[in-house]
Amino acid sequence: MKFIDEAKIEVAAGRGGNGATSFRREKFVPRGGPDGGDGGRGGSVYAEADENTNTLVEYRFVKRYQAENGEKGHGSDRYGAGADDITLKMPVGTLIRDIDTGEIVADLTHHGQRVCLARGGKGGLGNIHFKSSVNRAPKQSTPGEEGEARSLMLELKVLADVGLLGMPNAGKSTLITAVSAARPKIADYPFTTLHPNLGVVRLDENHSFVMADIPGLIEGAAEGAGLGHRFLKHLSRTGLLLHVVDLAPFDEETDPAAEALAIINELRKYDEELFDKPRWLVLNKLDMLSEEEAQERAAAFLETVGWDYPAPDDRFEFDMHTPRLFKISALTHQGTQDLVHQIGRYLTEKKRLAAEAEAAGKAAADITAAQPKTDTSVLKAE
C-alpha cells in the first residue's frame, strides 16, 4: 500500500430535526392539548485512533464525510430519532488541524483515542414544551440546529522511540533490518527508501522499543530538496536520534564529515526543537575497512566535525545528556547489539526520570490542595 502521510478532508455533521407542532385529537377528550415531540439529534463525525491503520491513503480518495440529519418530531409525544454518528479510523500519530483557523483539533497519540470533529445539531423543541397556564394551545416549535462543518488537514507523524537520520545509502535500512523484524527495500543506489519504515526492536521478553527509518536527507532538504524533507516531521515525535554516517563511501570524493555537517545544518533550519533532540553518532560500514583504517577514519571524522562523542562504557553511571559514539557494521551486525543495549538503557532511564518528575509534580499539587485557603471576604471586611 502506498504510504500517505497528509490529506485534506471536509467533515459535516447532520442537522437536528425540527420540533413538531401537533395537538391531541381523541374521542371523548374535548380539550386535547399540545403533543408535538422534539426533533432528533443530527449525527456527529468522530475520529478514532486505530493501531491497525498505518496510512491516510483512504482520505486521499474520499474527501467529504457527511453525517445524516436527525428525524423531525411527530405528534402523540413522539420524538424524532437521532442520526447515527460517523467514526473515521485514523493511524495513531495523526495530527488534525482546522485549515481555516489553524487550530489543532486533535492529536491522536494512543490506540482507541476518540475525538469529535464536528458535532451534530440539537433537535428542535416540539410545542409540548411551550404549554403554560396562559397559553394552552401553543402553535410554536423550534427548528433543529445546524451541524458543524470543518475543513481539516490530516498529518501523520509516526510514533517511534528512536529515529534514524542520515544521507541516502548511509545504511539506515540495513541497520533497522539487523536489529528488528522490519524488511525495507535495500539496494546499492540512493533513495531506495521512499517512505518511513517502523521496526520493533526486542531487548527481552518484556522490553522493546520502536525504531523509525525515514528517507535519506541531502543538503537543501529543509527547502524541499530530495525526499527526506517530506518526512522530517516524523522525527519530531522520536525521543532519540541516531545519526548514521557512511564511513566507507564508494565515491572517494565524498566527504562523510561534510555530509554529516550538512545534515545537522538541515535539522537546525527545519526545526530548532528537532535539532535540540538527543542525538547519537553511528559510524557504519566498518566491514569494508581494516581495523586500523576504521580507527583512523573515525578519528579524522570527529576531528573535522569537532564533535565530542565518547564511546559508551557500562562501568560508569549512565549519563542521559552525554552524546554517544558507536562504530558498527549493520551488514555483519558488528556492534549492533551494543547499540541496542545502550538505547535500552537510555529509554529505561528516560522513563524513570519522567515517572519521578510526574510523582514530584503530583505531590506538589497535593500539598497545595491541602493548604487551608484564606477567606478573602474577611480580609476585605477588616
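Is Ser 173 buried or exposed?

1. Ser 173 counts as buried, because its relative accessibility is 10%; buried here means under 20% relative accessible area, exposed means over 50%, and partly exposed lies in between (1.4 Å probe, protein chains only). UniProt, in an unreviewed entry, places the feature "binding site" at Ser 173 and Thr 193. Such positions are given in the numbering used here, with shortened feature names, and annotations may be inferred rather than shown by experiment.

2. A word on the ground rules. This is a predicted model, in which local features need pLDDT of at least 70 and side-chain atom pairs count only at pLDDT 80 or more, while totals for chains, interfaces and linings use all residues. Residues are numbered from 1 along each chain as its sequence is written, and side-chain values use heavy atoms, with hydrogens and water left out.

3. Now the overall picture. The protein chain has 7 helices and 14 strands; these are DSSP runs numbered from the N terminus, with helices being H or I of at least four residues and strands E of at least two. Of its 382 residues, 44% count as buried. Among contacts (heavy atoms within 4.5 Å) with a separation of 6 or more, 73% join residues 24 or more positions apart.

4. Back to Ser 173, which is placed in helix 2 (residues 172–179). This helix is mostly covered, with 7 of its 8 residues buried; among them are Leu 175, Ile 176 and Val 179. The buried residues of helix 2 pack against strand 9 (162–166), strand 10 (197–202), strand 11 (208–213), strand 12 (240–246) and helix 6 (336–370).

5. Helix 3 (residues 256–270) is worth a look too. Its 15 residues reach 21 Å from first C-alpha to last, close to the 21 Å expected at 1.5 Å a residue, where the expected span is 1.5 Å times one less than the number of residues. At the start of helix 3, a side-chain oxygen of Asp 255 comes within 3.1 Å of the backbone nitrogen of Ala 257. The buried residues of helix 3, including Ile 263, Ile 264 and Leu 267, pack against strand 9, strand 12, helix 4 (272–275), strand 13 and helix 5 (291–305).

6. Within helix 3 you will find Ala 260, which is buried with a relative accessible area of 2%. Leaving aside residues up to four places away in sequence, Ala 260 touches His 243, Val 245, Phe 301 and Trp 307. Its C-alpha atom is 9.4 Å from that of Asp 246, a residue 14 positions away along the chain.

7. On to the rings. The structure holds 3 aromatic pairs; rings of Phe, Tyr and Trp (its six-membered ring) pair if their centres lie within 6.5 Å, and planes under 30 degrees apart count as stacked, over 60 as edge-to-face and the rest as tilted. Trp 280 and Phe 326 make a tilted pair, 5.6 Å centre to centre with 35° between the planes. Trp 280 lies in strand 13 (residues 279–284) and Phe 326 in strand 14 (residues 325–327), so the pair ties together parts 46 residues apart in sequence. Both of these residues are buried, and together with Tyr 346 they form one aromatic cluster.

8. Finally, two charges over rings. The charged end of Arg 114 sits over the ring of Tyr 46, 4.1 Å from its centre, and that of Arg 268 sits over the ring of Phe 275, 3.9 Å from its centre. The criterion is NZ of Lys or CZ of Arg within 6 Å of the ring centre and within 35 degrees of the ring normal.

Methods: Polar contact = N/O pair within 3.5 Å; in protein donor to acceptor, adjacent residues only side chain to side chain.
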